[in-house]
Amino acid sequence: MDKYSINLEDLKDYLGFGVAGNFANHLGEAGEADGFKDIKTEQKDAPKGLFPFYIPKDSSHLGNFPYSTHSINHNNIEKLQVEAEVALLCDFKYKNGKLVDLIPKYFGAFNDCSNRVQDGNKLSTKKNWGDASKGIAPEFIKIDNFEEEGILGKYHIASFVRRDGVLKNYGAISAVKSYSYFFTQLKEWMIKQFNNQPDLGPLEGLPQYLETISKHKGLLIAAGATAYTEFGKKNYLQKGDEIFIYVYNAHFHSFEDIKRDMAGDNIHLSQCSKLYQVVE
């Protein structure tokens, strides 16, 4: 299995987008469901849309480079939540003013950390407040085949917060294949959204961001956050919290392996992308 070391300098040339509403109940738990009430989807379980969280050289807040492999900038935000996700580093093909293909190359653990203030603004305004407002694992894993029978079909997402020495499960442990849309279905849906998504409700129109895409290296896609545990629903991040997000091969690593790693045992998680951050 090939691992890929994340180079933050390289990521400065990747556009960053997230998928909204790709796990059952997440938008409701996050207090975001009302904002999406006017957005109709072709299928009941389809994601609601895509939102930008990093656009290189953009003059708005989206131009802030947000990624950190080790910390989250609390920024004195009252309601800040971990969003544990799988991120996909993708190549693309753009032709005649349209995105014609997305090619996921690597995947890994991602924290689409979010400000839960309900101000009626675009979702993207709650996603990027400057340096270290997003978390990305220092190592990603090469995708052999972006289908359920490929490597990703074996992986699970787990997230935890340690506060004052006490470890709590923050997000529901979820199989990657339990996303509402993933693999070919997600890829085809994203291409359609990038080419057609209008400006509506909490979502921006997307075709505007593709006009200069050929100048950039690729796209980083955060595929959607898992549902929360009871602790995750009720506890916002505090300075000093430690965040753990694992995207791990559940056919190879046991949950006991994950717990031992968080306890500081010398575990070699060879088939895992791990993100560890401290809230500062």
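# Close-up views of a predicted chain

**Figure 1. Overall view of the chain.** Of the contacts (heavy atoms within 4.5 Å) between residues at least 6 apart in sequence, 78% join residues at least 24 apart. The model is predicted: local features need pLDDT of at least 70 and side-chain atom pairs count only at pLDDT 80 or more, whereas totals for chains, interfaces and linings use all residues. Residues are numbered from 1 along each chain as its sequence is written, and side-chain values use heavy atoms, with hydrogens and water left out. The chain holds six helices and 16 strands; these are DSSP runs numbered from the N terminus, with helices being H or I of at least four residues and strands E of at least two. The C-alpha trace spans about 55 × 40 × 40 Å along its principal axes. Buried residues account for 56% of the 280, where buried means under 20% relative accessible area, exposed over 50% and partly exposed in between (1.4 Å probe, protein chains only). The chain exposes about 12,100 Å², 45% of it supplied by carbon and sulfur atoms; accessible areas come from the Shrake-Rupley method with a 1.4 Å probe, and for residues only the protein chains shown count as cover.

Figure 2. Strand 12 and strand 13 are antiparallel and share seven bridges; His-156 stands opposite Ala-175 in strand 13.

**Figure 3. Strand 15 and its two partners.** All eight residues of strand 15 (residues 242-249) are buried, so the strand is largely enclosed by the rest of the structure. In a regular strand the side chains alternate between the two faces of the sheet. Here Glu-242, Phe-244, Tyr-246 and Tyr-248 point one way, and Ile-243, Ile-245, Val-247 and Asn-249 the other. Strand 12 (residues 155-163) runs antiparallel to strand 15 and is joined to it by eight bridges, with Val-161 opposite Ile-243. Strand 16 (residues 272-279) is also antiparallel to strand 15, through seven bridges; Lys-274 in strand 16 is the bridge partner of Tyr-246.

**Figure 4. Asp-261 in helix 6.** Asp-261 belongs to helix 6 and is buried, with a relative accessible area of 11%. The side chains of Asp-261 and Lys-274 make a polar contact of 2.7 Å. Such a contact is a pair of N or O atoms within 3.5 Å; within protein, one must be able to donate a hydrogen and the other to accept it, and residues adjacent in sequence count only if both atoms are side-chain atoms. Neighbours within four places in sequence aside, Asp-261 is in contact with Tyr-246, Ile-267, Leu-269 and Lys-274.

Figure 5. Gln-81 lies in strand 6 (residues 80-81) and has a relative accessible area of 1%. The side chain of Gln-81 makes a polar contact of 2.6 Å with that of Arg-116, and a polar atom of the Gln-81 side chain lies 3.0 Å from the backbone oxygen of Gly-232. Ser-71, in strand 5, is buried at 6%. Not counting residues up to four places away in sequence, Ser-71 touches Ala-132, Lys-134, Gln-277, Val-278 and Glu-280.

**Figure 6. Two loop residues with positive phi.** Lys-57 is not a glycine, yet has a positive phi of about 65°. Lys-57 sits in the loop between strand 3 (49-54) and strand 4 (67-68) and is exposed, with a relative accessible area of 79%. Asn-96, also not a glycine, has a positive phi of about 50°. Asn-96 is placed in the loop between strand 7 (84-95) and strand 8 (98-111) and counts as exposed at 75% relative accessibility.

How values were computed. Two strands pair if DSSP finds at least two bridges between them.
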